[in-house]
Amino acid sequence: MRTLLRRLLRRPRRPWTAAAFLTAAALLASGFTVLSASGAESGCRVDYAVNQWTGGYTAQLKVTNLGPAVTSWRLTWTYAGDQQVTSAWNATVTQTGSSVVAVNTNWNGALATGGTADFGLQGTWRSSAPAPVDFALNGVSCGGTGTPPPTSAPPTTAPPTSQPPTTPTPSTPPTTTPPPSADCGTAVICSGFEDQTGSTPSGAWRSTAPDCQGTGTATVDTAVAHGGGKSLRVDGRAGYCNHAFVAATADLSSVGPVMYVRMWVRHTTALPAAHVTFVSMPDSSQGGRSLRVGGQNGALQWNRETDDATLPAQSPTGVALSRPLPTGSWQCLRFAIDTSAPKLDTWLGDEQVPGLHADGVPTQDVDQQWLARTTPPRPTALRLGWESYGTGDDTLWFDDVAVGSSPIGC
């Protein structure tokens with residue numbers, strides 16, 4: 001596959017044939033590495049590995065300096081589709097129109113001849129997302145044209161803020177503090193459902209269908225699990241009364257002042273355009289109505305039942321700041337709810353989701369609706385399941401669920 005792509009991308013001046021375009025598109029969609037043109041005469045080489053889903057993607061880039069040694073680097077490229085970069089790690093990445101610039105951090109700028117630097121990014125797309133082919137390092141094309149790279153050219157964008165790692169350069173987004181331990185510790189809820197003895201949830205978990213009963217079901221599954229041999233399976237059906245939940249019997253009213261929740265979730269159908277919920281927490285600050293985690297417009301969102309406020313705002317910009325919930329694989333979802341202030345945070349894996357972050361400071365297209373209510377939330381219980389307010393069936397599994405007063409990692 002690497003050889004084929006090198007051949008395809010080594011001919012930037014020739015029009016693509018239909019067969020070549022379809023072949024490259026199929027390989028890109030598969031989520032594996034796409035390589036730019038490179039050779040002995042080139043100034044650089046870029047390995048561009050993309051993982052793509054409907055409406056979003058992540059890309060891991062490895063830049064190799066094939067020219068003289070440099071003390072800082074600036075990689076540029078142009079997106080031929082409508083990709084928009086939303087976040088990055090191990091580099092400062094900015095985008096203007098379709099043009100993208102990545103500048104080294106203050107700890108990975110030096111590249112000897114043959115030296116490499118790795119960084120990654122995440123973004124969104126709507127109609128197409130072909131891999132870029134016009135990479136240039138410090139003005140030198142990775143196809144071998146341009147001015148030789150300077151040996152000490154400073155970055156032309158704002159200085160990055162990342163700090164040098166204490167270990168080799170990571171391939172995932174660095175965090176300012178070490179990720180919390182996956183150990184539940186003294187958590188009020190710490191369940192892998194291994195204590196369940198039958199197919200019907202029992203003991204510390206009970207099936208429930210608030211308000212009305214329909215065709216949705218919840219069972220203990222012994223065929224699919226994240227850890228151990230059991231998980232909670234919910235077959236959710238479209239339509240409000242077809243909701244199905246499993247509620248933890250634990251009282252969460254004294255957990256805090258920040259409530260930390262961690263769960264592994266797997267589902268089969270992409271989040272729909274219509275509003276859906278898969279985590280529902282009765283909230284005493286709303287008179288028992290729910291604080292909800294689900295999706296809308298294909299991306300994760302928070303929803304407050306009292307006033308139907310959403311986080312982020314459901315504008316195109318707001319939705320783009322959230323993330324889809326990938327299907328067909330286990331995903332670690334974590335959130336922190338401040339019960340003393342109207343603040344919360346959300347992580348998918350170890351990545352903080354910018355559109356699902358409320359810090360009390362108004363942010364355009366994120367929390368306009370959310371901050372309209374200043375009373376802090378006070379969740380008292382946890383329910384896992386599926387509730388659709390329009391269209392949308394889904395089958396979900398939950399496993400390794402924890403709730404406590406201290407951060408809980410993946």
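Strands are DSSP runs of at least two residues, numbered from the N terminus, and two of them pair if DSSP finds at least two bridges between them. In this predicted model, E18 and E19 form a hairpin with two residues between them. Asn297, in the turn of that hairpin, has a positive phi of about 55 degrees. The points below cover the sheet around this hairpin, the aromatic pairs, the charges over rings and the cavity.

**The sheet around the hairpin**

- E18 and E19 belong to an open sheet of seven strands with antiparallel pairing, in the order E12-E15-E24-E17-E18-E19-E20.
- The edges are strand E12 (205–208) and strand E20 (309–311); each has a single partner strand, so one side of each is left without a neighbour in the sheet.
- On average, neighbouring strands of this sheet are turned by 30 degrees against each other, direction ignored.
- Strand E18 (residues 290–296) has six of its seven residues buried, so the rest of the structure largely encloses it.
- On one side, E18 pairs with strand E17 (residues 276–282) in the antiparallel sense over six bridges; Ser290 in E18 is the bridge partner of Pro282.
- E18 is also joined to E19 by six bridges, and these two strands run antiparallel; here Val293 has Trp302 of E19 as its bridge partner.
- Elsewhere in the sheet, strand E15 (residues 244–248) and strand E24 (residues 383–388) run antiparallel and are joined by four bridges. Val246 has Leu384 in E24 as its bridge partner.

**Aromatic pairs**

- The structure holds nine aromatic pairs.
- One of them is Tyr57 with Tyr79, an edge-to-face pair at 6.2 Å centre to centre and 80 degrees between the planes.
- Tyr57 lies in strand E3 (residues 56–65), while Tyr79 lies in the loop between strand E4 (74–78) and strand E5 (84–89), so the pair ties together parts that are 22 residues apart in sequence.
- Residues under 20% relative accessible area count as buried, so Tyr57 at 1% and Tyr79 at 2% are both buried.
- Trp302 and Phe335 have ring centres 5.1 Å apart and planes at 85 degrees, so this pair is edge-to-face.
- The pair links distant parts of the chain, with Trp302 in strand E19 (residues 299–304) and Phe335 in strand E21 (residues 331–338), 33 residues apart.
- Trp302 is buried, at a relative accessible area of 0%, and Phe335 is buried at 1% relative accessibility.
- Ring pairs also link Tyr48, Tyr57, Trp73, Trp77, Tyr79, Phe119 and Phe135 into a cluster.

**Charges over rings**

- Arg304 has its charged end over the ring of Trp370, 4.6 Å from the ring centre.
- Arg334 has its charged end over the ring of Trp347, 4.9 Å from the ring centre.

**Cavity**

- The count is one cavity of 30 Å³ or more, and the largest cavity has a volume of about 80 Å³.
- Arg304 and Trp370 are among the residues that line the largest cavity.
- The lining also includes Asp283, Ser285, Gln286, Leu291, Pro342, Lys343, Leu344, Arg373, Thr375 and Pro377.

How values were computed:
Residues numbered from 1 in each chain as written. Predicted model: local features only at pLDDT ≥ 70, side-chain atom pairs only at ≥ 80, totals over all residues. Heavy atoms only, no water. Phe/Tyr/Trp six-rings, centres within 6.5 Å; stacked < 30°, edge-to-face > 60°. Buried < 20%, exposed > 50% of the residue type's maximum accessible area, 1.4 Å probe, protein only. Lys NZ or Arg CZ within 6 Å of the ring centre and 35° of its normal. Axes fitted to C-alpha atoms, helices over the stretch in contact; angles between N-to-C directions. 1 Å grid on protein atoms, 1.4 Å probe; cavity = no way out; pocket = protein on both sides within 12 Å on 5 of 7 lines; lining within 4 Å. Points joined across faces, edges and corners; volume = space filled by probe spheres on them.
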